[in-house]
Amino acid sequence: MSRTSKAYIAGIYEHPTRKAVDQTIPQLHAESAIGALADAGLTMADVDGYFCAGDAPGLGGISMAEYMGLDLKYTDSTETGGSSYVIHVGHAVNAIAMGKCSVALITLAGRPRAEGVATLGARDYGSVLPELGFEAPYGPVVTNQYGMAAMRHMHQYGTTSEQLAWIKVAASHHAQHNELALLQKVVTVEDVVNSPMISDPLHRLDCCVITDGGGALVIVSPEIAKTLGDRCVKILGHGEHIKHLNAGQVDITYTGAVRSGPIAFEEANLTPGDMDYVSIYDSFTITVLETLEDLGFCEKGEGGKFVSDGNLISGVGKLPFNTDGGGLCNNHPTNRGGITKVIEAARQLRGEAHPKVQVPDCTLALAHGTGGSIATRMGSSTVIMGRNDA
Amino acid sequence: MTASTETKERNYPAPSVNLETEAYWAAANEGKLLMKKCNGCGKTHFFPRAICPHCQSNDTAWYEASGKGVIYSYSVMRRGDTPYAIAYVTVDEGITMMTNIVDCDYDALAVGQAVEVTFRQSDGDQAIPVFRPV
């Protein structure tokens, strides 16, 4: 069986730092880029396409292209928060398929911990935002927005805090094997539901970590992939969607994955049941639960049952997820976790995940990113990937 | 958070007001909640815009809402000095809006609870609509 792929992931790199007191943001971007290119067996001189989002200093990719010494034919600075980098994968495939570039570099980096940036304060994206006056006075921060999503999901479908907790428990089982993970301690359902309430019904352990760091991906044409060996991973499908409050017809029990998922699966000619491993954006436990439902891994409203009893734990359950420990335990660099989702899926397909969490014969995988807020506006992106011989 | 009535409330940041929304905020200062309806398709939308997001007509008009609604969802922020309840309220006019629930026992809030509009002063002189249990 050999599936057609218009482009391959040739290089991956997750920056090892979780607190970058001695590095600047451009430096973290460049270190990540160098790491991913070395992983691919390429250099900065090979790059002809550059993709970055709002975490990159400057106008789009202009400043970072100069800093890293890139000579570019193509650039894309699509910004949808934490999902940007999953969207970039899809856009890089398109650009390569159109012959616009052949080696695409995607970078992410930031240092909120070193800079002491709190996440509690209301975000200020500028006073011209059309929705701003109708939201900002009410104190919407990240945790209470996701709290509202969880509260409604519980009301509508009977989801419980214990069920949500299983998502964190599974992530912690994986993180214990990742020596770089910020939180490596295995936790129980009781630990999660007994941790301090942050914003009802989300407890501290329902929330992801805040870390510095970054990551990079190198996407190449099939011709170049042939020269780089069988560690290259196929990109088989991609979908993206922006979901919003729909003029006041609000439903926050589902995410943009309801659109991005089916588009990606159709392009790959695959179904959720074909996936051996999934990386699911995990800013909060509720993010994972809604996304798994929306991608079709279970019926809508059945996510609580689906994630319970270790079903997401590698080697234990039916759907191993986030085997690096995810954003909940390992890393959520600069509050944008999309790139680490693609990186761990690629590790699984290469057979390079930690032996304790490696999925046997991992052939097909999914990476999903969510950016913005699942309780207001979000960018969602799904990528289906396959092992080199898939 | 056991007090039946919260006496201490957080400061409300002043809303940004622009040409499309100044009538909404002027009405709020008079204790009225306005909605925007499209004369083209007849639908109410929120937040209010000059261009109808349903049919793209520019013939949109203000009207006063009943001020009645039910809680669609909520979350009480427990971290920080002053707890507060953010919520989405579905008003009788058929749209759901972000707001705060005030004059309430934060531990007794519920999805589906009936609420009515009231107003609070934000930083500066602008009143903002919030909701309280009926």
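The dialogue below reads a predicted model feature by feature, from whole chain to single residue.

Q: Which conventions and confidence limits apply here?
A: Residues are numbered from 1 along each chain as its sequence is written, while chains are lettered from A and ligands numbered from 1 in the order in which they are written. Since the model is predicted, local features need pLDDT of at least 70 and side-chain atom pairs count only at pLDDT 80 or more, whereas totals for chains, interfaces and linings use all residues.

Q: What radius of gyration does chain A have, and what would a compact globule have?
A: The radius of gyration is taken over C-alpha atoms, and the globule rule is 2.2 Å times the number of residues to the power 0.38. For 390 residues that rule gives a value near 21 Å, and chain A, with 19 Å, agrees with it. Along the principal axes, the C-alpha atoms of chain A fill a box of roughly 55 × 50 × 40 Å.

Q: How many helices and strands does chain A have, and what percentage of its residues count as buried?
A: Helices (H or I, at least four residues) and strands (E, at least two) are DSSP runs, numbered from the N terminus, and chain A has twelve helices and eleven strands. A residue is buried if 20 or more other C-beta atoms lie within 10 Å of its own, exposed if 12 or fewer, and partly exposed in between, with C-beta atoms placed from the backbone; 63% of the 390 residues of chain A count as buried.

Q: Into which domains is chain A divided, and how many residues does each give to the contact?
A: Domain bounds come from an automatic or database domain assignment, which here gives domain 1 (8–114 + 212–233) and domain 2 (139–208 + 237–386) of chain A. Their C-alpha centres lie 23 Å apart. Two residues are in contact if their C-beta atoms, placed from the backbone, lie within 7 Å, and the contact takes 31 residues from domain 1 and 32 residues from domain 2 of chain A. On the domain 1 side, E1, helix H3 (84–97), E4 and E7 of chain A each supply at least two residues, and H3(A) gives the most, with seven residues.

Q: What span should helix H1 of chain A have, and which elements cover its buried residues?
A: An α-helix has 3.6 residues a turn, so residues three or four places apart point the same way. H1(A) is mostly covered, with twelve of its 16 residues buried, among them Leu28(A), His29(A) and Asp39(A). The cover includes strand E1 (8–14), helix H2 (62–68), strand E4 (103–110), strand E7 (213–220) and helix H7 (222–228) of chain A. After H1(A) comes Gly41(A), which has a positive phi near 85°.

Q: Is Phe265(A) buried or exposed, and which residues does Phe265(A) touch?
A: Phe265(A), found in helix H8 (residues 257–268) of chain A, is buried because 22 other C-beta atoms lie within 10 Å. Not counting residues up to four places away in sequence, Phe265(A) touches Gly237(A), Leu270(A), Thr271(A) and Ile384(A).

Q: How many residues does each chain give to the contact between chain A and chain B?
A: The contact takes 28 residues from chain A and 33 residues from chain B. On the chain A side, helix H4 (142–157) and strand E5 (197–199) of chain A give two or more residues each, and H4(A) has the largest share, six residues.

Q: In what order do the strands of the open sheet in chain B lie, and which are the edge strands?
A: Two strands pair if DSSP finds at least two bridges between them. Three strands of chain B form an open antiparallel sheet in the order E2-E1-E3, with E2 (44–45) and E3 (60–64) as edge strands, each pairing on one side only. Five bridges join E1(B) (residues 34–38) to E3(B), and Cys38(B) stands opposite Thr60(B) in E3(B).

Q: How many residues lie between the strands in the hairpins that involve E5(B)?
A: E4(B) and E5(B) form a hairpin with six residues between them, where Gly80(B) in the turn has a positive phi of about 100°; the hairpin of E5(B) and E6(B) has four, and there Gly94(B) takes a positive phi near 100°. E5(B) (residues 84–91) pairs antiparallel with E4(B) (residues 68–77) over eight bridges and is joined to E6(B) (residues 96–101) by six.
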